[in-house]
Amino acid sequence: MVSSVPRLVIAAPSSGSGKTTVATGLMAALSARGFAVSPHKVGPDYIDPGYHSLATGRVGRNLDAYLCGPELVAPLFAHGARGCDVAVVEGVMGLYDGAAGEGELASTAQVAKLLRAPVVLVVDASSQSRSVAALVHGFVSWDPEVRVGGVILNKVASDRHEGLLREALDSVGVPVMGVLRRAAGVETPSRHLGLVPVAERRDAAVEAVSAMAAQVAAGCDVSALVALARSAGPLAGAAWGAGEALVSSPPPPLPFPTPGALPPDPRSALDGPRPQTPDGLGDSGRAVRVAVAGGSAFTFSYAEHAELLSAAGAEVVTFDPLRDEELPEGTAGLVIGGGFPEVYASELSANGSLRKAVAELALSGAPVAAECAGLLYLCRELDGLPMCGVLDASARMSERLTLGYRDAVAVSDSALAGAGTRMRGHEFHRTVVEPGAGAAPAWGMRTPKRRVEGFVERGVHASYLHTHWASEPGVARRFVERCRTS
């Protein structure tokens, strides 16, 4: 199978240059012209894809070579781009910035090469003129395998400033495909973990995306950008599919004799994976209902997770912990992903009926998978306000930002992962949970610092670690099977 969807990557020399504005605006501008646009984001970020979805009407998807491995980047791209006329991929950080200490791994440059896609470099030109030529020349020549096919100059002050920039870039040989002035309407508010998600400001977000589209349509040569996207080379290989991934994934590791039990020393699991052996889980023919937290407080989720759960036989139903007083009827398992419960702590706490329902489900032994925000929601309290009380732990806001990729191994057997399952994840939070791990920890972090983290209690798996299940589809199958048998 060969994917020939036209595509380009929107990159920049550094964060803050205007990638999100240009990428989202271009997606919206192309959609307005009648193109079916496939939106993608390099890296683990959950927030930008929300704006991409608003711009295109399609699910925003992440392409992360660290979380999923380089070999899955092209298949996941092809999966998201099925039936589309063009794809726009927003980069992360600077073009050549990747996972710390891992060379080009997870960088925008690596993803561009894996996708055989041309790059458009967005340059913040607000404090330079002729120096822009040296900057662009450096990025163009650094890696000959990365094809920088155009430049978009952002935050240009005046016609005279534009003239100086264009004159300087004439010698570099990379065409200027757009010039954007400063525009207040395209700015999106930020707070402690970046942009405010679409779900929290939908009306304002719609207006912002419309302003981005208008700015890009007016300041960029959209036809030239489409022509550049059409110059991308064909991608060989099959598109990723949830059903196929489940069939081809290895069976989960053999669980410990007692669910939730620890090896003699939890940290011993950090030294290497356990053998991959079938766990003999039961009948896969019976559908079960899995409730997934959504709404403004829980906005972080990868689309592939729900697709894998569905492919494993689950009926996936979304609920809003801010509004719904009960779990969906017939809930057999619960997934609570990331988000901003600290922003909505008062409202979450006030919904005592739902907190009680979540606690009762967890105490019954039903499978519960909680990541980051979900971990906080399951704690006894968050910033002094009562939460679900499933875990005997307290959470609070912190001044310290915890951020980075993690190489982890499951320490305790759980409904989500068998002990010894190795996964790569990402941490991103300004909160602290005390204690940081239970008697049966969820994960052992192999890098950057060896430690255990999270909680496995009854059917609950709760941790700060964000993971991408496409890298280990068996966790979805295991979770659904435990929903059937719990």
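In helix α2, the buried residues are I47, D48, P49, Y51, H52, A55 and T56. That makes seven of the 10 residues in α2 (residues 47–56), so the helix is largely enclosed by the rest of the structure. Keep in mind that this is a predicted model.

- G57 follows the helix, and its phi is positive, near 75°.

**The second largest pocket**
- This pocket has a volume of about 930 Å³.
- Its lining counts 41 residues, and F298, T299, F300, S301 and Y302 are the ones nearest the pocket centre.
- Sorted by class, the lining has 23 nonpolar residues, 13 polar ones and five charged ones.

**Aromatic pairs**
- Searching the whole structure turns up seven aromatic pairs.
- Take Y46 and Y302: their ring centres sit 4.5 Å apart with the planes at 25°, so this pair is stacked. The angle counts as stacked because it falls under 30 degrees.
- Y46 and Y302 are both buried.
- F298 and Y377 meet another way: the centres are 5.6 Å apart and the planes are at 65°, so the pair is edge-to-face.
- F298 belongs to the loop between β12 and α10, while Y377 is in helix α13 (residues 373–378), so the pair ties together parts 79 residues apart in sequence.
- F298 and Y377 are buried too.
- One aromatic cluster is made up of Y46, F300, Y302 and F340. Of these, F300 and Y302 are also among the residues nearest the centre of the second largest pocket.

**The chain as a whole**
- The protein chain has 14 helices and 24 strands.
- Of its 486 residues, 59% are buried.
- Looking at contacts between residues at least 6 apart in sequence, 77% join residues at least 24 apart.
- The chain exposes about 18500 Å², with carbon and sulfur atoms supplying 52% of that area.

Notes. Residues are numbered from 1 along each chain as its sequence is written. This is a predicted model: local features need pLDDT of at least 70, side-chain atom pairs count only at pLDDT 80 or more; totals for chains, interfaces and linings use all residues. Side-chain values use heavy atoms; hydrogens and water are left out. Buried means under 20% relative accessible area, exposed over 50%, partly exposed in between (1.4 Å probe, protein chains only). Helices (H or I, at least four residues) and strands (E, at least two) are DSSP runs, numbered from the N terminus. On a 1 Å grid over the protein atoms alone, a cavity is a set of points where a 1.4 Å probe fits but cannot get out, and a pocket is an open set with protein on both sides within 12 Å along at least five of seven lines; lining residues have an atom within 4 Å of a point. Grid points are joined across faces, edges and corners, and a volume is the space filled by probe spheres set on the points. Ala, Val, Leu, Ile, Met, Phe, Trp, Tyr, Cys and Pro count as nonpolar, Asp, Glu, Lys and Arg as charged, and the others, Gly among them, as polar. Contact means heavy atoms within 4.5 Å. Accessible areas come from the Shrake-Rupley method with a 1.4 Å probe; for residues, only the protein chains shown count as cover. Rings of Phe, Tyr and Trp (its six-membered ring) pair if their centres lie within 6.5 Å; planes under 30 degrees apart count as stacked, over 60 as edge-to-face and the rest as tilted.
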